[in-house]
Amino acid sequence: MSEQQGPAMIEAEGLTKYYGDFAAIEDVTFRVHKGEVVAFLGPNGAGKSTTMKLLTGYLSPSRGTARIAGHDMATDRLAGSARLGYLPENGPLYPDMTPRALLNFFAEARGLRGQYKKERIEAVIELCSLGSVIGKPIGKLSRGYRQRVGMAQVLIHEPDVLILDEPTAGLDPNQIHDVRDTIRKLGQRKTILLSTHILQEVEAMAARVLFIDEGRLVFDGPVKDLTRDGKRLELTGAGTA
């Protein structure tokens with residue numbers, strides 16, 4: 001990216017992950033700079049989730065380095081995680097807890113205390129529009145509201161960097177619109193890497209796209225350049241959102 005960009009907040013350098021002889025990803029290198037919203041596009045099974053798990057420290061690379069806000073996620077994961085909010089696809093939630101109880105639990109786990117903890121819980125409840133369901137068991141909520149709860153807990157500690165894996169998967173059109181709107185708002189002040197296999201997600205929320213296919217990064221550039229390339233559009237397998 002341009003030298004005019006802010007500092008690199010997400011860095012992948014030669015990331016490679018082998019399972020036996022199978023390379024899930026190989027030699028993936030890119031940077032996402034402060035203030036960017038970047039879409040990570042590719043067909044199912046292309047290596048998007050593996051890359052994100054390496055970036056967040058959930059997996060260790062076979063080779064290469066992942067950094068969040070300058071912190072090597074293999075050797076300095078706690079410091080990197082303090083700057084990171086990660087929403088995995090179908091992230092685990094506790095169905096018997098209410099959204100407020102869950103947010104309180106994660107706030108405590110993140111070391112938030114006292115008045116600041118209360119302020120952060122109220123802030124994410126408002127941002128993610130959870131007020132009408134805040135006292136209901138999570139297991140009774142629609143998929144759209146569960147996704148909002150997941151987003152709220154990701155944001156509880158005010159991370160600088162967000163990594164979101166298929167955040168609109170399985171949602172209906174109205175729910176997709178709500179999630180996209182929230183991500184656009186967050187993109188005004190945070191660095192976001194957004195995984196998807198749907199081209200419309202890219203066009204709706206990002207200016208830059210990374211395209212991965214069969215475990216290798218094959219495109220890194222503006223969305224407009226990708227959409228002019230018929231071959232890459234075919235590779236996405238993307239239909240309607």
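In what order do the strands of the open sheet of four strands run, and with what pairing? The order is β2-β1-β4-β5, and the pairing is antiparallel. Strands here are DSSP runs of E with at least two residues, while helices are runs of H or I with at least four, both numbered from the N terminus; two strands pair if DSSP finds at least two bridges between them. This is a predicted model, in which local features need pLDDT of at least 70 and side-chain atom pairs count only at pLDDT 80 or more, whereas totals for chains, interfaces and linings use all residues. Residues are numbered from 1 along each chain as its sequence is written, and side-chain values use heavy atoms, with hydrogens and water left out.

At the edges of this four-stranded sheet sit β2 (22-33) and β5 (71-72), each pairing on one side only. Eight antiparallel bridges join β2 to strand β1 (residues 8-19), and Lys 17 stands opposite Ile 25 in β2.

Then there is an open sheet of six strands, with mixed pairing and the order β6-β7-β8-β3-β9-β10. β6 and β10 (216-222) have a single partner strand each, so one side of each is left without a neighbour in the sheet. On average, neighbouring strands are turned by 15° against each other, direction ignored; axes are lines fitted to C-alpha atoms, for helices over the stretch in contact, and angles run from 0 to 180 degrees between N-to-C directions. β6 pairs with strand β7 (residues 161-165) in the parallel sense over four bridges, with Leu 84 opposite Val 161 in β7.

Helices pack on this sheet too. Helix α1 (residues 48-55) touches β3 (37-41), β6, β7, β8 (191-196) and β9 (208-213), and its direction makes about 150° with that of β8; contact means heavy atoms within 4.5 Å. α5 lies across β6 and β7, at about 160° to β6.

α5 also turns up in the largest pocket, where it gives six residues, the largest share of the lining. A pocket is an open set of points on a 1 Å grid over the protein atoms alone, where a 1.4 Å probe fits, with protein on both sides within 12 Å along at least five of seven lines; lining residues have an atom within 4 Å of a point. The volume is about 680 Å³, counted as the space filled by probe spheres set on the points, which are joined across faces, edges and corners. Of the 30 lining residues, Tyr 58, Tyr 86, Pro 88, Phe 106 and Gln 153 are the closest to the centre.
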